[in-house]
Amino acid sequence: MMLHLNEGMDESRVAASKILRSHRHLDMRPLFGWELGLLPYVVAWLEHFAKSRPDLKLSSIFEFVRAMPMKVAEGMTKLALEALRSARVCCPPPTFV
């Protein structure tokens with residue numbers, strides 16, 4: 001069993017360790033109701049607790065992208081437009097007189 005994990009670690013690390021040992025794949029479908037709002041938190045959690053499981057991180061991100069391709073595309077378009085706008089604000093194009 002996993003009772004030996006309860007010794008010597010904080011509770012959140014124990015819980016994360018048990019989740020990662022029990023599940024080879026994390027089902028992201030229950031999180032899709034929040035659309036892409038939870039994706040940064042999922043990535044941060046995996047970054048913190050699953051450093052030795054890059055496959056799990058990539059497959060989790062892929063599930064979000066596969067479930068909501070247009071939301072991802074819209075988000076990327078917004079980011080690109082914001083980058084263009086901020087580039088124009090800080091560095092306006094030269095004017096020729």
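This is a predicted model: local features need pLDDT of at least 70, side-chain atom pairs count only at pLDDT 80 or more; totals for chains, interfaces and linings use all residues.

Biologist: How exposed is Pro40?
Modeller: Its relative accessible area is 52%. The cut-off for exposed is over 50%, so Pro40 counts as exposed.

Biologist: Now the buried side. Which residues of H2 are buried?
Modeller: Leu39, Val42, Leu46 and Phe49. They span an arc of only 115 degrees around the axis, so they sit on the same side of H2.

Biologist: What covers them?
Modeller: The cover includes H1 and H3.

Biologist: Step back a second. How many helices and strands are there?
Modeller: Four helices and zero strands. From the N terminus the order is α-α-α-α.

Biologist: How much of the protein is buried?
Modeller: Of its 97 residues, 20% count as buried.

Biologist: What about contacts between residues at least 24 apart in sequence?
Modeller: Take the contacts between residues at least 6 apart in sequence. Of those, 59% join residues at least 24 apart.

Biologist: Back to the helix pairs. At what angle do H2 and H3 pack?
Modeller: About 170 degrees, with the axes 10 Å apart. That makes H2 roughly antiparallel to H3, because angles over 145 degrees count that way.

Biologist: Which residues make that contact?
Modeller: From H2, Leu39, Val42, Val43, Leu46 and Glu47. From H3, Leu56, Lys57, Ser60, Ile61 and Phe64.

Biologist: How do they divide by class?
Modeller: Seven are nonpolar, one is polar and two are charged.

Biologist: And H1 with H2: at what angle do the axes cross?
Modeller: At roughly 95 degrees, and the axes come within 11 Å. H1 and H2 are therefore roughly perpendicular to each other.

Biologist: Who meets whom between H1 and H2?
Modeller: On the H1 side you have Ser12, Arg13, Ala16, Ile19 and Leu20. They meet Trp45, His48 and Phe49 in H2. By class, this contact has five nonpolar residues, two polar and one charged.

Biologist: New topic: the largest nonpolar core. Which of its members touch the most others?
Modeller: Met28, Leu46 and Phe64, out of 13 residues in that core.

Biologist: Which of them gives the most?
Modeller: H2, with four residues.

Biologist: Tell me about Met28. What does Met28 touch, leaving out residues up to four places away in sequence?
Modeller: Val42, Ser60, Glu63 and Phe64. Val42 is one of the buried residues of H2, and Phe64 is among the H3 residues that contact H2.

Biologist: One more. Where is Arg53?
Modeller: In the loop between H2 and H3.

Biologist: Is Arg53 buried or exposed?
Modeller: Buried. Its relative accessible area is 19%, and the cut-off for buried is under 20%.

Biologist: And what is in contact with Arg53, beyond its neighbours within four places in sequence?
Modeller: Leu20, His23 and Arg24. Leu20 is also one of the H1 residues in the contact with H2.

Terms used. Residues are numbered from 1 along each chain as its sequence is written. Side-chain values use heavy atoms; hydrogens and water are left out. A nonpolar core is a set of buried Ala, Val, Leu, Ile, Met, Phe, Trp, Tyr and Cys residues joined through side-chain atoms within 4.5 Å. Buried means under 20% relative accessible area, exposed over 50%, partly exposed in between (1.4 Å probe, protein chains only). Helices (H or I, at least four residues) and strands (E, at least two) are DSSP runs, numbered from the N terminus. Contact means heavy atoms within 4.5 Å. Axes are lines fitted to C-alpha atoms, for helices over the stretch in contact, and angles run from 0 to 180 degrees between N-to-C directions. Angles under 35 degrees count as roughly parallel, over 145 as roughly antiparallel, 65 to 115 as roughly perpendicular and the rest as oblique. Ala, Val, Leu, Ile, Met, Phe, Trp, Tyr, Cys and Pro count as nonpolar, Asp, Glu, Lys and Arg as charged, and the others, Gly among them, as polar. The arc is that of the directions from the helix axis to the C-beta atoms.
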